[in-house]
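Here is a short briefing on a single protein chain. Look over the sequence and the model first, then read the points below.

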Amino acid sequence: MPPKKSKEAIAKAAQSGGAKGKKKKWSKAKTKEKVNNYVLFDEELYKRILSEVPKQRLITPSNLSERFKLSGSLARKAIHHLHEKGLIRKVAECHSQLVYTRAIVAKEEEEKEKEAKEKDAKEAKDSKDSKDKETK
């Protein structure tokens, strides 16, 4: 049997901290920079969104948030606003992820309707003028 160690020797060994006594040093975690996204529209940002977003092929809150530095809720509001104006059209909606695309077809239809209205108005005016001439 090995000789017994004295209390002093045991305390000294604990103080010096052998292989077991060392504390693990944790590596510092890498911190991600906090992004300062807009939470309200300003005039310049609103105009930029109105001009650029309807030209995109894929429009989602994630894309708007990333591209224009918007908060998620503001990006959703912007999408709803553009959809109400008819500048974009809905492709799919899955839970909170909205997928939209540009509304090319809608613009063409609007232009045709506008031309038809102008043509009808012109014809109505011409017929009214011809009636006026006949009565005189």
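The points below go from the overall fold to the core, the helices, the hairpin and an aromatic pair.

This is a predicted model. The protein chain holds 5 helices and 2 strands. From the N terminus, the order of elements is α-α-α-α-β-β-α. Buried residues account for 17% of the 136 residues in the chain. Of the contacts between residues at least 6 apart in sequence, 46% join residues at least 24 apart.

**Nonpolar core**

- The largest nonpolar core has 15 residues.
- The members that touch the most other members are I49, V53, I59, L64, F68, L70 and I79.
- Four elements, α2, α3, α4 and β2, each give two or more residues to this core.
- Helix α4 supplies the largest share of the core, with 5 residues.
- I49 is in contact with F41, P54, F68, L70 and L82, leaving aside neighbours within four places in sequence.
- In general, nonpolar side chains tend to be buried together in soluble globular proteins.

**Helix α4**

- Helix α4 covers residues 72-85, which is 14 residues.
- From first C-alpha to last, α4 reaches 20 Å, close to the 20 Å expected at 1.5 Å a residue.
- Its buried residues are L74, A75, A78, I79 and L82.

- The buried residues of α3 are P61, L64, S65 and F68.
- They cover an arc of only 100° around the axis, so they sit on the same side of α3.
- The cover over the buried residues of α3 includes α2, α4 and β2.
- T60 lies in the loop between α2 and α3.
- Is T60 buried or exposed? T60 counts as buried, because its relative accessibility is 6%, under the 20% cut-off.
- Beyond residues up to four places away in sequence, T60 touches I79, Q97, L98 and V99.
- K69 follows α3 and belongs to the loop between α3 and α4.
- The phi of K69 is positive, near 55°, in a residue other than glycine.
- As background, most residues other than glycine have a negative phi.
- K69 is partly exposed, with a relative accessible area of 43%.

- Strands β1 and β2 run antiparallel and are joined by 6 bridges.
- I88 stands opposite R102 in β2.
- The two strands form a hairpin with 2 residues between them.
- H95 in the turn has a positive phi of about 55°.

**Aromatic pair**

- How many aromatic pairs does a search of the whole structure find? The search finds 1 aromatic pair.
- The pair consists of F41 and Y46, with ring centres 6.0 Å apart.
- The planes of the two rings stand at 70°, so the pair is edge-to-face; the cut-off for that class is over 60 degrees.
- F41 counts as partly exposed, because its relative accessibility is 34%.
- Y46 is also partly exposed, with a relative accessible area of 26%.
- F41 is also one of the contacts of I49.

Notes:
Residues numbered from 1 in each chain as written. Predicted model: local features only at pLDDT ≥ 70, side-chain atom pairs only at ≥ 80, totals over all residues. Heavy atoms only, no water. Phe/Tyr/Trp six-rings, centres within 6.5 Å; stacked < 30°, edge-to-face > 60°. Buried < 20%, exposed > 50% of the residue type's maximum accessible area, 1.4 Å probe, protein only. Expected span 1.5 Å × (residues − 1). Core = buried A, V, L, I, M, F, W, Y, C linked by side-chain atoms within 4.5 Å. Contact = heavy atoms within 4.5 Å. Arc of directions from axis to C-beta. Pairing = 2+ DSSP bridges.
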